[in-house]
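Thank you for making time for this.

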Amino acid sequence: MSALFAAASADADIYVAQNVFFGLIAITMIWAALRVVTTSNVVHAALWLVVVLGGVAVQFLFLGAEFVAVTQVLVYIGAVIVLFLFGVMLTRASMGADESVAREKRTMATVTAVLLFAVMAVALIDSFEDVRLVIDEPQSTTLVSDSIFSQYIVPFEAVSVLLLAALVGAIVVARRD
Amino acid sequence: MLLNQFLVLAAILFCIGVYGVLVRKNAMLVLMSVELILNAVNINLVAFGALNDDVGGSVFALFTIAVAAAEVGIGLAIVLLMYRNRRSIDLSEADMLKG
């Protein structure tokens with residue numbers, strides 16, 4: 001047993017603990033994502049989505065992108081999920097059980113998803129077989145902000161205008177006149 | 001850690017999202033599946049940013065989060081309008097434009 005661990009740690013340098021946690025969180029995320037697309041209750045789907053989004057935030061922490069992880073929690077879990085729950089409440093016709101989907105449609109969707117994953121997995125494993133990530137220290141937020149407000153200032157302004165347009169557009173679309 | 005751990009996880013999430021978009025008839029659930037797809041893309045962006053030791057990946061992940069928030073806002077407004085007009089958000093019934 002200890003020889004196994006020694007071999008594993010020699011193989012993966014010193015990242016055994018990180019790899020174990022990565023595996024646990026990845027399995028949780030995949031299970032939650034499957035529940036999002038299979039559960040028949042819309043509210044349950046939104047709550048399973050919270051698990052997936054939290055798992056994605058943890059993956060960002062593994063990758064050293066702490067600012068993105070915090071933004072993920074604030075924007076997605078804080079705002080987007082609340083929007084979803086409001087949407088579910090306002091369209092209360094869908095509160096109960098979801099529709100039953102035709103069997104052949106479900107089969108075709110499964111085939112499509114599995115084929116897509118097979119293609120992507122083969123391409124990824126072929127291209128990045130042994131590429132290792134070395135993350136010594138988290139990415140500093142100073143670097144991210146400097147980069148946003150110098151190199152990426154034009155996309156940043158474009159996103160600002162986009163958010164304003166989306167806000168105005170959502171009000172115009174959804175109001176009763 | 002291997003880069004492929006993150007990329008394959010993102011691919012799995014992406015494919016689950018694609019399955020959800022294809023199989024769901026409730027518009028809210030389709031929007032949730034789209035969120036799964038966008039999150040898979042974000043993992044890829046941040047992973048490649050970490051690989052190249054570049055902040056560009058994180059910056060674009062932030063942009064994607066902002067665009068996804070805008071998308072959800074507009075999408076929910078459209079779903080609300082659909083519900084108000086038809087008393088249903090079943091996408092298989094929304095076929096008025098069919099020729």
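Predicted model: local features only at pLDDT ≥ 70, side-chain atom pairs only at ≥ 80, totals over all residues.

Residues are numbered from 1 along each chain as its sequence is written, and chains are lettered from A, with ligands numbered from 1, in the order in which they are written.

On confidence, where pLDDT is the predictor's confidence in each residue, from 0 to 100, chain A has a mean of 86, and 86% of its residues reach 70 or more. Within chain A, helix 1 (residues 2-11) has the lowest confidence, at a mean of 51, and helix 3 the highest, at 94. Helices here are DSSP runs of H or I with at least four residues, numbered from the N terminus.

Now to the contact between the chains, where two residues are in contact if their C-beta atoms, placed from the backbone, lie within 7 Å. Chain A brings 74 residues to this contact and chain B brings 60 residues. On the chain A side, at least two residues each come from helix 2 (16-38), helix 3 (42-62), helix 4 (66-90), helix 5 (103-127), helix 6 (141-148) and helix 7 (153-174). That side divides into 55 nonpolar, 14 polar and five charged residues, where Ala, Val, Leu, Ile, Met, Phe, Trp, Tyr, Cys and Pro count as nonpolar, Asp, Glu, Lys and Arg as charged, and the others, Gly among them, as polar.

Which helices pair up across the two chains? One such pair is helix 4 of chain A and helix 3 of chain B, whose axes come within 11 Å and cross at roughly 5°. These axes are lines fitted to C-alpha atoms, for helices over the stretch in contact, with angles from 0 to 180 degrees between N-to-C directions. Helix 4 of chain A and helix 3 of chain B are therefore roughly parallel, a term for angles under 35 degrees. Their contact has 15 nonpolar, five polar and no charged residues.

Within chain B, helix 2 and helix 3 pack at about 175°, with axes 9 Å apart, and are therefore roughly antiparallel, the term for angles over 145 degrees. Among the residues that meet here are B:Leu31, B:Glu35 and B:Val46 of helix 2, and B:Ala61 and B:Val72 of helix 3.

B:Val46 also reaches across to chain A, where its contacts include A:Phe60, A:Leu63 and A:Val68.

Finally, consider the loop between helix 2 and helix 3 of chain B, which holds B:Val55 and B:Asp53. Is each of them buried or exposed? B:Val55 is buried, with 23 other C-beta atoms within 10 Å, whereas B:Asp53 counts as exposed, with 12 C-beta neighbours inside 10 Å; the cut-offs are 20 or more other C-beta atoms within 10 Å for buried, 12 or fewer for exposed, and partly exposed in between. Contacts of B:Val55 include A:Gln139, A:Leu143 and B:Gly49, while B:Asp53 has a positive phi, near 55°, in a residue other than glycine.

Methods: Parallel < 35°, antiparallel > 145°, perpendicular 65-115°, else oblique. Lists of a residue's contacts leave out its neighbours within four places in sequence.
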